[in-house]
Amino acid sequence: MSKSGKTLPLTCGTIVSMVENRTDWGSPSTKQGYDAMAVQLRGCANGGFETRVIDDAFCGEFARYLLAHVKPSSARGYMEKLRTIMRRLKKDGLIAEMPVMDFKVLFPKAEEAEKVFLTKEELHRMQRANCPSKSTKDAFLFSCYTGLMRGEVKGLLWDDIHYSGKGLVLSRPIENSDEHVKVPLVEPA
């Protein structure tokens, strides 16, 4: 509840302020995702951004705005982030009700993206290709051989690589878990 003991109307300004003032993000990529959602929220709310009330009508408008400006999978992600923030505000007693509990009805069914992989021949051609930045090329090839994403590669330490009976293994903790992911390193990696 607010200092006066009353719940406040949920506005775009409230959401963006919460995103901007939060310091306990789990990772830099999580913060980037919420920052990107806030940018889209500002874009949709346009004019009287700070006082624009988020209700069922606005949620529908935001969903249509997102579908016109980003991929459907990104739109869903932004709406999920908005819902997460609203849940936290409701839990903290700052808002009385949450608009549109089921955001999924606002979006078309997700299409499964076709996963594309490089062939061995394409990887060999990449190794032989000229590239202005050897470190960028090496990082890309390392990602291809390990399946790690760019951010995961950037965060690697030599301590993450261990020798097992069968060769080198990359072992990293899984974020927000007690488990580790183990990736056997093939010769090119």
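Reader: In S2, which residue is the bridge partner of histidine 162?

Author: Strand S1 covers residues 161–164 and strand S2 residues 167–173, strands being DSSP runs (E, at least two residues) numbered from the N terminus. The two run antiparallel and are joined by 4 bridges; strands pair if DSSP finds at least two bridges between them. The bridge partner of histidine 162 in S2 is valine 169.

Reader: What kind of model is this, and how are residues numbered?

Author: It is a predicted model, where local features need pLDDT of at least 70, side-chain atom pairs count only at pLDDT 80 or more, and totals for chains, interfaces and linings use all residues. Side-chain values use heavy atoms, without hydrogens and water, and along each chain, as its sequence is written, residues are numbered from 1.

Reader: How is H1 oriented to H4?

Author: Helices are DSSP runs (H or I, at least four residues). The axes, lines fitted to C-alpha atoms over the stretch in contact, of H1 (residues 12–21) and H4 (residues 72–91) come within 11 Å and cross at roughly 90°. Angles run from 0 to 180 degrees between N-to-C directions, and 65 to 115 degrees counts as roughly perpendicular. H1 is therefore, relative to H4, roughly perpendicular.

Reader: How is H3 oriented to H4?

Author: H3 (residues 56–69) packs on H4 at about 150°, the axes being 9 Å apart. Angles over 145 degrees count as roughly antiparallel. So H3 is, relative to H4, roughly antiparallel.

Reader: Which residues in H4 meet Cys59, Phe62, Ala63, Leu66 and Leu67 in H3?

Author: Contact means heavy atoms within 4.5 Å. On the H4 side, these H3 residues meet Pro72, Ala75, Tyr78, Met79 and Leu82.

Methods: Angles under 35 degrees count as roughly parallel, over 145 as roughly antiparallel, 65 to 115 as roughly perpendicular and the rest as oblique.
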